[in-house]
Amino acid sequence: MNLTTSYLGLNLAHPFMLGASPLTGQLENARRLEDGGCAAIVMHSLFEEQITESMAGRVFQADEALAAFAGGVAHFTRPEKFPPGPDEYLEQVRKIKAAVSIPVIGSLNGVGADGWLTQARLIEQAGADALELDVYYLSTGLQDSPIEIEKRVETLVRHLKERIRIPVAVKLSPYYTAFANLAGRLDAAKADGLVLFNRFYQPDIDVETLEVLQNLRLSTSAELLLRLRWLAILSTRVQASLAATGGVHTALDGIKALLSGADAVQLVSAVLERERSIFG
């Protein structure tokens, strides 16, 4: 059986790859993933906040937020608790790329001004085979315009494509007014791939202590159905590669994603469930 596939123009031995996760924080994990048959590796994300903090000595817009809403945002991760910064991230890309023979895809998370996008070129120079842009943004403004929000994403992709030569995948949430329209516009903007869908962290509340809980909830197979629907809708209508992420926990889940039109399937929660020691 021939399971080879093309994703972002990269030739993969099969469609199953590691999505962005904490696992790539350790070099030995990358080797283990390749030995286990992983077709490609997406690095853990480098966040816009980490980059702007490194550039300006502060997290983008955090000073104002912390001053005005100190109680409400106290549960957010502070700069000193972020994972290793931009320089360390680039070094990790180099080390992993040198240690494995499978494609290594960098990951940037952000939606802000384009000053931080210079990091994309540095990730390319560090040896990444492609770049995944994780558009992790939840609009909460009462005056926010859907058109402007989607235009912001489209502009971000166009700027990225102007800066680097390696393929660019865009990891999106499903929370857009007209998702098919946005997908078509990103396709026209020459995005090489669309990754469906990212998952927002959703804090919980401890009603006994009245504290905000930072619970990391892994996905389940129940979340796959939304991905299958949109993969099927887009599969014959965009030129960009399509990847499924979120909800693939069994072999049948993976088969369903491929039958729905996915060129690649990213596994994260299913792998983390078998690697509980990383949370120790």
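Leu 252 sits in helix 9, which covers residues 251-259. The model shown is a predicted one. The protein has 280 residues, and 47% of them count as buried. Its secondary structure comprises 10 helices and 13 strands.

**Overall make-up**

- The accessible surface amounts to about 14500 Å². Carbon and sulfur atoms hold 53% of that surface.
- Among contacts with a separation of 6 or more, 70% are between residues 24 or more positions apart.

**Surface patch**

**Nonpolar cores**

- In soluble globular proteins, nonpolar side chains tend to be buried together.
- The largest nonpolar core contains 63 residues. Leu 108, Leu 172, Phe 179, Leu 186 and Leu 194 have the most contacts inside this core.
- Leu 186 touches Val 153, Glu 154, Val 157, Val 170, Leu 172, Ala 191 and Leu 194, when residues up to four places away in sequence are not counted.

**Gln 266**

- Gln 266 belongs to strand 13, residues 264-267. Its relative accessibility is 1%, so Gln 266 counts as buried.
- The side chains of Gln 266 and Glu 132 are joined by a polar contact of 3.0 Å.
- Apart from neighbours within four places in sequence, the residues in contact with Gln 266 include Tyr 7, Met 17, Gly 19, Ala 20, Val 42 and Val 195. Ala 243, Ala 244, Thr 245 and Gly 246 are also among the contacts of Gln 266.

**Backbone features**

- Most residues other than glycine have a negative phi, and most peptide bonds are trans.
- Leu 8 is not a glycine, yet its phi is positive, at about 60°. Leu 8 lies in the loop between strand 1 (5-7) and strand 2 (10-12). With 6% relative accessibility, Leu 8 counts as buried.
- Lys 190, also not a glycine, has a positive phi of about 75°. The loop between helix 7 (179-188) and strand 9 holds Lys 190. At 58% relative accessibility, Lys 190 counts as exposed.
- The peptide bond between Leu 196 and Phe 197 is cis, with omega at about 0°. Phe 197 is placed in the loop between strand 9 (193-196) and strand 10 (204-206).

**Salt bridges**

- Side chains of opposite charge can pair when their charged atoms come close.
- The count of salt bridges comes to eight.
- Arg 185 forms a salt bridge with Glu 150, with the closest N and O atoms 3.3 Å apart. Arg 185 is in helix 7 and Glu 150 is in helix 6 (residues 146-163), so this pair ties together parts that are 35 residues apart in sequence.
- Arg 185 is partly exposed, at 21% relative accessibility, whereas Glu 150 is buried, with a relative accessible area of 6%.
- Glu 154 forms a salt bridge with Arg 185 as well, and here the closest N and O atoms are 3.0 Å apart. This pair links distant parts of the chain, with Glu 154 in helix 6 and Arg 185 in helix 7, 31 residues apart. Glu 154 is buried, its relative accessible area being 8%.
- Glu 150, Glu 154, Arg 158 and Arg 185 are linked in a network of salt bridges.
- Glu 223 pairs with Arg 199 in a salt bridge whose closest N and O atoms are 2.9 Å apart. Glu 223 is in the loop between strand 11 (211-213) and helix 8 (224-234), and Arg 199 is in the loop between strand 9 and strand 10, so the pair ties together parts 24 residues apart in sequence.
- Glu 223 counts as partly exposed at 24% relative accessibility, and Arg 199 is partly exposed with a relative accessible area of 32%.

Conventions
Residues numbered from 1 in each chain as written. Predicted model: local features only at pLDDT ≥ 70, side-chain atom pairs only at ≥ 80, totals over all residues. Heavy atoms only, no water. Core = buried A, V, L, I, M, F, W, Y, C linked by side-chain atoms within 4.5 Å. Buried < 20%, exposed > 50% of the residue type's maximum accessible area, 1.4 Å probe, protein only. Contact = heavy atoms within 4.5 Å. Helix = DSSP H or I, 4+ residues; strand = E, 2+ residues; numbered from the N terminus. Polar contact = N/O pair within 3.5 Å; in protein donor to acceptor, adjacent residues only side chain to side chain. Areas by Shrake-Rupley, 256 points an atom, 1.4 Å probe, with all protein chains shown as cover. Salt bridge = Lys/Arg side-chain N within 4 Å of Asp/Glu carboxyl O.
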